[in-house]
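Subject: Structure handover

Hello,

Here is the structure you are taking over. Please open it alongside the notes below.

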Amino acid sequence: MAAASPLGPAVAVLCALTVLHAMSVVLLCDAAAAATCVGVAPAKHRPEVISITDFGGVGDGRTLNTWAFRKAVYHIQHQRRRGGTTLHVPAGTWLTGSFNLTSHMTLFLARGAVLKATQDTRRWPLMEPLPSYGRGRELPGARYASFIHGNGLRDVVITGDKGVIDGQGEVWWNMWRRRTLEHTRPNLVEFMHSAGIHISNVVLKNSPFWNIHPVYCDNVVVTNMMILAPHDSPNTDGIDPDSSSNVCIEDSYISTGDDLVAIKSGWDEYGIAYGRPSSGITIRRVRGSSPFSGIAIGSEASGGVRDVLVEDCSIFDSGYGIHIKTNVGRGGYIRNVTVDNVRMSGVRSGVRIAGDVGDHPDAHFSQLAVPLVDAVRIRNVWGVNVQHPGSLEGIRSSPFTRICLSNVKLFGWRNDAAWRCRDVRGAALGVQPSPCAQLATSFASAGSSCS
C-alpha cells in the first residue's frame with residue numbers, strides 16, 4: 001500500500017477551495033443570467049383571441065388592410081373583455097396603413113406573418129408635434145403619425161413568434177435624401193402618455209424614422225427583439241425612450257442607420273418648459289452595430305435624464321461605443337449614469353461625452369440654458385480595434401463633474417492614440433491608454449467625487 005503523500009491535505013484543501021470557487025462563479029453567472037426587469041410590464045395572457053381575418057383582412061401582400069385593422073381595434077376597445085383581447089395576425093403578408101392600438105390588447109404576429117406598411121405616403125395621417133419638441137423633429141409644424149401608434153393607453157402588448165413589422169422605409173429615406181419631405185417622417189412604433197407597454201419577440205425592419213419611441217410613458221419593456229435597417233438609412237434609431245420612466249430594454253439585437261438606443265427628454269426651450277425627465281432606464285444584454293452610437297444619451301435631453309444603467313452589452317462596427325451628448329441651449333441635466341461590462345470591437349471612438357453636439361429647433365433657445373452632466377460611472381469596458389479611445393469635453397461654464405472611469409481598456413489601431421479632455425473633473429483607475437491629466441489617477445485622490 002502506497003504511503004500517503006505529505007501534500008495530500010494541502011491538495012484536498014486546494015481542491016475544495018477550487019470547487020467552492022467554481023460553485024460561486026456558477027451561482028454568480030446564474031444570478032447575472034437571471035437579472036431582468038421584464039416584470040415591469042409582463043406580456044399578459046388574454047382570455048379572448050380574435051383574428052384579423054375575422055374583420056376582412058387578407059394577407060396576400062396586395063390587399064390594403066388598414067380598415068380591417070382599425071375595425072379590429074375598435075371591436076377590442078368597445079367590447080372591453082375582462083383581461084383584454086389578443087388580435088392574432090396569422091402567416092401572410094398584411095399590407096396596411098397607419099393604425100392605432102387600444103388599452104388591454106395584445107397584437108400577436110404569428111411565425112410567417114409580415115405586417116407591411118403601405119408606401120402611399122400621400123394618404124399618411126398627420127399629428128401635432130410633441131410639446132417637448134415644439135415642432136417636428138426634422139421640419140417645423142406637424143409630423144406624420146407612426147405606423148403603429150398608441151396614445152393614453154394602459155396594458156398593451158406587441159409580441160409574436162418572430163413575426164415581422166416592415167416599415168418599407170426606403171420611400172421615406174429617399175424623400176429625406178432628395179429634400180422633398182413635407183413633414184417629419186413617421187416612427188415605426190410609438191406610444192405616448194401610456195403605461196404598461198410590453199414589446200417582444202418580433203422583428204422590426206426598415207423603419208421610416210425611429211423604430212420604437214415611448215414618449216411620456218411609464219413602465220415599458222422591450223425584450224427579445226431584432227431591429228434591422230441598412231447602415232445608410234437616415235435616422236433609423238433602434239429604441240428611443242423619451243421623457244419616460246421605468247423603461248427596460250433587454251436581450252435584443254439592433255443593427256440600424258443611427259443610434260442603437262438613444263435616451264431623450266425634449267428639445268431646448270420646449271423640453272425645458274415641458275419638464276419631464278427620463279428616469280429609471282435599464283439597458284441590458286443589447287448587441288448591435290451602427291455607423292453612429294451604440295448607447296447614446298441625448299442630445300435632446302432638456303427635460304433631464306437620470307438613473308440609467310447600461311450593462312452586459314456588445315457593440316461592434318460602430319461609430320461611438322458610449323456617447324453622452326448635449327449642448328448649450330439644452331438646459332436640463334444628465335446624471336447618475338452607470339455603464340458596466342461593455343465590449344466593443346471595430347468602433348471609431350470608444351467613449352465620448354460631449355457638450356457641443358446637436359442642432360436647435362429654432363433661434364429662440366437661451367445661451368444661458370447650460371446643461372449639467374454629473375456622476376457618470378463607466379467601468380469594466382473592453383475594446384479591440386478601437387480607432388480612438390475617446391473624448392471627455394465639457395462646457396467651459398459648466399464642467400462635467402464626477403466622470404469616473406475604472407477598468408476601461410480600449411486597444412486600438414494606433415499606439416499613440418490618446419484621450420481628449422477639457423472642462424471635466426473626476427478620476428480614472430486602470431484605464432488604457434492612459435487617461436487624461438484632468439482626471440485624478442486614483443479614486444482616493446479624487447476625494448468623494450468617485451466614491
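This is a predicted model: local features need pLDDT of at least 70, side-chain atom pairs count only at pLDDT 80 or more; totals for chains, interfaces and linings use all residues.

Residues are numbered from 1 along each chain as its sequence is written, and side-chain values use heavy atoms, with hydrogens and water left out.

Helix α3

Helix α3 spans residues 170-178, and its buried residues are W172, W173 and M175. Buried means under 20% relative accessible area, exposed over 50%, and partly exposed in between (1.4 Å probe, protein chains only). Helices (H or I, at least four residues) and strands (E, at least two) are DSSP runs, numbered from the N terminus.

Just after α3, R179 has a positive phi of about 60 degrees.

Positive phi elsewhere

S243 is not a glycine, yet its phi is positive, about 45 degrees. It lies in the loop between β18 (226-228) and β19 (245-255). S243 is buried, at 1% relative accessible area.

D312 is in strand β23. Its phi is also positive, near 55 degrees. D312 is partly exposed, at 22% relative accessibility.

Cis peptide bonds

The bond from G298 to S299 is cis, with omega near 0 degrees. S299 lies in the loop between β22 (293-297) and β23 (305-325).

Q432 and P433 are also joined by a cis peptide bond, with omega about -10 degrees. P433 is in the loop between β29 (424-432) and β30 (439-440).

Best wishes
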